[in-house]
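Please open the structure in your viewer and keep the selection tool at hand.

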Amino acid sequence: MNYKHSLTIIITIFAVVALVVGGAVWYLMSKPTKVLVTITSQPHTVEITINGESFGTRKSGKTFPVETKEDSLSITASADGFADDTIVEPINGKQVSSFIGLVPQTDEAEKTLREEGDLDQQEDATEKYLRESEKLRADWPILDELPRETMTYRAYQGESEDGDHDFGIHLFLYPDNADQGRADFNRWLKSINEDPHDYEIVEEMDHGPKKAVVPPLPTRDEVEALSRDDITDPKTIKSDNLESDAAALQFATATTTWYASKDTPHSGFNRTHQLMSKSLADSITEPERPTYTPKWFEAADNDAESYSWPIDIYEGTGSNSFEVEVCWAWVSETHEPVIEGPRKYSITMGDDDGRPVVTGYEFEDPSNFVASDTDQCLSND
């Protein structure tokens, strides 16, 4: 046997194998990683750049593929009227999810967020805001209470204008009721044991529309999960330290809280005198012939109580008046909840030694002769 020739063949085979393996390793190492990227953004439409490459305009929550050789993604979002923001997300799998909240820099940008219904969430949840505020929150607990939006004022953490404070509280008031808004804001500060003299308060006038914020509507699953433990006794509800719009919402929900087998539809007003002016409370009388709905009779048979929630509030036509819509669900221990409403309130608010009180009200219930649409009482989610 020609050992020299055989050795040459063996060496050649090893060289070829090494070349193939090395090439495969090089290919795998140089091949871009493909990940699915989902970006939730505020505003809902932003321009996205990832690791220096433009991915164009993207809608919030939409997923799209990205190929990269890096081990992380540097994601930059931008939109007209907003400050750009960049977040670096490590790649730990085949999917990357990120939240980017842009801070509005113009009135038009702020209007965009308001129209999208995201202003509160944007102020509360924007990661940039949280990162920059981490130390301030430790030093100033009031920052955990901001932002705050009511029908008479809006208050946000912002930059200091005099340079002597860590931050400023930017207080937006409405020209036609600035004094009321200022009083409501100071009442809120007092309720959380804060002194306005400890802060730089920057007042600005807002000429836009006023609309109070109501809690998110419940889903059908949330309503079906209700129990009697979720129902608050109307007699225990107080309006101290509330703004006028919040007190109006409270009045609307408290007066639509009933025990069907024991109450009349007017009983809610008799149990909420503490939310009214004395003159209004003294004028409350029980109708001789209360009007009941078919759902009320069904609720009485099921020994049910009502759980109430607001679905909308608007500024009324009179001074310090509000239009409130409220729904409720009849909750029993033996049957599924039955939804009823909406009831439409017109509520006028006054002041009793710094406490907002109801000075007048009217309401309208759906007709018993027309099928009511309770879908508007629930979230579409």
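How many aromatic pairs does the count come to? The count comes to 20 aromatic pairs, where rings of Phe, Tyr and Trp (its six-membered ring) pair if their centres lie within 6.5 Å. Planes under 30 degrees apart count as stacked, over 60 as edge-to-face and the rest as tilted.

Before the first selection, two remarks on the source are needed. This is a predicted model, in which local features need pLDDT of at least 70 and side-chain atom pairs count only at pLDDT 80 or more, while totals for chains, interfaces and linings use all residues. Residues are numbered from 1 along each chain as its sequence is written, and side-chain values use heavy atoms, with hydrogens and water left out.

**Stop 1: aromatic rings**

Select F55 and F64. Their rings form a tilted aromatic pair, 5.7 Å centre to centre with 40° between the planes. Both F55 and F64 are buried (buried means under 20% relative accessible area, exposed over 50%, partly exposed in between, with a 1.4 Å probe and protein chains only).

Next, select F269 and F363. The ring centres of F269 and F363 are 5.6 Å apart and the planes stand at 25°, so this pair is stacked. F269 belongs to helix α8 (residues 267-270) and F363 to strand β15, so the pair ties together parts that are 94 residues apart in sequence. Helices (H or I, at least four residues) and strands (E, at least two) are DSSP runs, numbered from the N terminus. Is F269 buried or exposed? F269 is buried, with a relative accessible area of 0%, whereas F363 counts as partly exposed at 36% relative accessibility.

The charged end of R343 sits over the ring of F363, 3.9 Å from its centre. A charge sits over a ring if NZ of Lys or CZ of Arg is within 6 Å of the ring centre and within 35 degrees of the ring normal. A further example is R154, which lies over the face of F172 at 4.7 Å from the ring centre.

To finish this stop, select W258, Y292, W296, F297, W328 and W330, which form one aromatic cluster.

**Stop 2: the four-stranded sheet**

In which order do the four strands of the open sheet stand? The order is β12-β13-β14-β15, with antiparallel pairing (two strands pair if DSSP finds at least two bridges between them). Strands of a sheet pair through backbone hydrogen bonds, either parallel or antiparallel. The edge strands, β12 (305-315) and β15 (355-364), each pair on one side only. Select β12 together with β13 (residues 321-331): the two pair in the antiparallel sense over ten bridges. Within this pairing, P310 stands opposite V326 in β13.

Now select G350 in strand β14 (residues 338-352). G350 counts as buried, at 17% relative accessibility. Not counting residues up to four places away in sequence, G350 touches N320, R355, P356, V357 and T359, where contact means heavy atoms within 4.5 Å. G350 and S244 are 106 residues apart in sequence, and their C-alpha atoms are 7.9 Å apart in space.

R355 is buried, with a relative accessible area of 19%. Beyond its neighbours within four places in sequence, the contacts of R355 include R187, D240, Q274 and G350.

**Stop 3: the three-stranded sheet**

Select β4, β1 and β7. These three strands form an open sheet in the order β4-β1-β7, with mixed pairing. The edge strands β4 (63-68) and β7 (95-101) each pair on one side only. Strand β1 (residues 33-42) and β4 pair in the antiparallel sense over six bridges, and L36 stands opposite P65 in β4.

**Stop 4: helix α2**

Which residues of helix α2 (residues 107-116) are buried? They are A109, E110 and L113. They cover an arc of only 100° around the axis, which puts them on the same side of α2 (the arc is that of the directions from the helix axis to the C-beta atoms). The face turned away from this buried side carries the exposed residues D107, E108 and E115.

**Stop 5: a loop residue**

Finally, select I142, in the loop between α4 (127-139) and β8 (148-149). I142 counts as buried, at 1% relative accessibility. Among the residues that I142 touches, not counting those up to four places away in sequence, are F167, I169, W188 and Y199.
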